[in-house]
Amino acid sequence: MKTRYFLIVAAMVASSAMTWAQKQPVEYVDPFIGTTNFSVCNPGALRPHGMMSVVPFNVMGSDLNVHDKDARWWSTPYVYENKYFTGFAHVTLSGVGCPEMGSLLLMPTTGKLDVDYHNYGSEYTDEHAVPGYYSNRLSKYGIRCEVTATERSSIERFTFPKGQAHLLLNVGDGLTNEVGGSIRRVSPTEIEGMRLLGTFCYNPQAVFPMYFVMRVSKAPREAGFWKKQPPMQGVEAQWDPDNGKYKIYRNYTKEIAGNEVGYYFSYNAEEGEQIEVQIGVSFVSVANARENLDKEQQRTFSFDRVKAEAHAQWAKTLSTVTVEGGTEAQKRVFYTALYHSQIHPSILQDVNGEYPEMENGKIGRTSGDRYTIYSLWDTYRNLHQLETLLYPTRQLDMVRSMIDMYKEWGWMPKWELFGRETWTMEGDPSIPVITDTYLKGLRDFDVETAYKAFLASATLPGKDNKMRPDIDDYLTKGYVPLGRYAQDNSGDNSVSHALEYYIADYALSQLAGALGHTADAKRFYQQSLGYKHYYCKEYGTLRPRYEDGTWLTPFDPKAGADFSNAPGFHEGSAWNYTFYVPHDVAGLAKLMGGKRAFVDKLQKVFDENLYDPANEPDIAYPYLFSYFKGEEWRTQREVRRLLDKYYKDTPDGIPGNEDCGTMSAWAIFSMMGFYPDCPGSPYYTLTAPVFDRVTLHLDKRYYPNGNLVIEANRTDKQAGRIQRMTLGGKPLGRYRVSHEELTKGGKLVFDLR
């Protein structure tokens, strides 16, 4: 009996040890993935969909580092290979292709006070980052820097060597193309102010203020302002040759404003002394920034508590999916992608529910989450489908936020940023997002108001249509001719515009049908087929046309492959756009001469390096093979090849701009074994999963059947071709399944060879 007892105990101990040894999803996240190769991610600290992010800023110039925001790394505060640190930026964007935000730069220094960022920057070592936390050590000063965040505030901890120590808040510099800010001294340990931001992708009107409150944990021995402009009349100022063009205001205790302003706190630090800093932000008012800070940090300095809470929140968010099998590197790629997908959109409302309304100058109030940073030209293709599946409550709030934007200014968002429309990229992307959400069963939102908004943008003439200003020819001719210029000043992108309208109109036809608007459904479906006007048999691709119907001549279908704008196409070539008709693959194949011609031409895109993995128009191309019986293996081959080549657990492990989670969403779906290749259509195309077992812990409030398990049985480790499948225990002989089938199926099993 004793022997049996000890065996049982030993087994329990071994089982417990194995459980403790297993990594949790959050432990696989590497925030340094995607921090170079123009992916413009960063390793800063933030919470899921949080307003606040605290990010190391290392792209401003010095003798050691010539990069700046208008040079090679123009749209990111951080690049992995750069090692010259000029402060922590507060509130940044992740993975976007234009410079914005990245301001309120907080820099610790030692020695003589120097407020010129060209001088005070430092190289650094010992970088460490996990979800919700970042740290480094400044080589020049011997300072250890640590940062973490709540949803609307930050807390930073700096460990100083003995001697003179300074905290510099630079309000003048940053990524944004706007200038101007103000600072007011509140007490010896607190300042407040604002910073003007905006001009995203050079829209000169899309500007907005960000308000802040900053507190330090210890009263300084000295504090004051600096400014690049001449001193205010009657105010004592002191020139300091070590500070270049900046003037120091040591005996002034009120407020200051200008384009190049800042505030410093100076200390006599003991060896190893730690000073903490809190910053709260708001896009409504200074009072709200203070309330955000007070409510989220309880007016106490507790760095370790905030760090632990941030980590726990990320752990909960990422545990929505568990994976088994695969390599450690693949798990790092997968969970880091899931992490990146949960950064944007971000909350906009303060703790009291207030937020800046869309384009009307008013302050609104919400009882739920109001979201901002809608990079919809990117995210309508897959990110919102991922939210619908894994985080339906958030997706509903994102949809409600979009509808509220329409109520506030009369239009749905295209590329919204903190209550301003930037008009970046093209199309009518809110239509497929909301249609897809509705058709997948999430319906707790005002769909009739959404439909009213969609009808306006799909039918109003160009002079009255902010969303589709070039719609007139589209409605009368069925296409957008050359000579119609983009709202975002990116050029003559006629084919790209029309293709986006076709997708939107297809989605609108599906929504109209679901709502019982039969005539509308028929009308918009017919409009969605207008892509046929662009098909040129001579080249076998889509080709721009003039208003009189003649073709663009001369024409090179490879022009624009270097991410430039060829006539008629935005950020790509004709090859990057020709197959972007996911709602009528069969019709496009017919134009091309049938299945064989379509498949051969699509394969040519991959074989001749005509595919661009770093941009959105062609990212669903690999899945189009599976529309044709017997060709599904090509999807499985190309998806796995692309994953292995472009998605790695290294700083360059994302193929290009992350685009607010879009590139990561492609990897997540592809690694799980299914992909939503037609926006606005509630279907997925299947492919071979990377992992042996994936469990999606679905929210039973929306998916009563509970978890979805995806299993892969392999003949060997390299097996990646689907031999047979079952869904819900029944044989599955097709490679497209509906959202309802998948979420009710319970278990999807692949036999791979």
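1. Helices here are DSSP runs of H or I with at least four residues, strands are E runs of at least two, and both are numbered from the N terminus. By that scheme α8 gives the most to the lining of the second largest pocket, with 4 residues.

2. The model is predicted: local features need pLDDT of at least 70, side-chain atom pairs count only at pLDDT 80 or more, and totals for chains, interfaces and linings use all residues. Residues are numbered from 1 along each chain as its sequence is written, and side-chain values use heavy atoms, with hydrogens and water left out.

3. The second largest pocket holds about 480 Å³ of space. A pocket is an open set of points on a 1 Å grid over the protein atoms alone, where a 1.4 Å probe fits, with protein on both sides within 12 Å along at least five of seven lines; lining residues have an atom within 4 Å of a point. Points are joined across faces, edges and corners, and the volume is the space filled by probe spheres set on them.

4. Of the 21 lining residues of this pocket, K316, T317, T320, Y391 and R394 are the closest to its centre. Both α4 (303-318) and α8 (392-409) supply at least two residues of the lining. By class, the lining divides into 7 nonpolar, 7 polar and 7 charged residues. Nonpolar covers Ala, Val, Leu, Ile, Met, Phe, Trp, Tyr, Cys and Pro; charged covers Asp, Glu, Lys and Arg; the others, Gly among them, are polar.

5. Q395 also lies in helix α8. Its relative accessibility is 0%, so Q395 counts as buried (under 20% relative accessible area, with a 1.4 Å probe and protein chains only). The Q395 side chain makes a polar contact with the side chain of T437 at 2.9 Å (a pair of N or O atoms within 3.5 Å, one able to donate a hydrogen and the other to accept it). Leaving out residues up to four places away in sequence, Q395 touches H384, E387, T388, V433, T437 and L442 (heavy atoms within 4.5 Å).

6. The structure holds 1 disulfide (cysteine sulfur atoms within 2.5 Å), joining C98 to C201 with an S to S distance of 1.8 Å. C98 sits in the loop between β4 (88-90) and β5 (103-110), and C201 in the loop between β12 (190-198) and β13 (207-216), 103 residues apart. The S-S torsion is about 90 degrees, so the disulfide is right-handed. C98 and C201 are buried.

7. The sulfur of C41 is 9.5 Å from the closest cysteine sulfur, in C660, too far for a bond. C41 is buried at 0% relative accessible area.

Methods. Buried means under 20% relative accessible area, exposed over 50%, partly exposed in between (1.4 Å probe, protein chains only).
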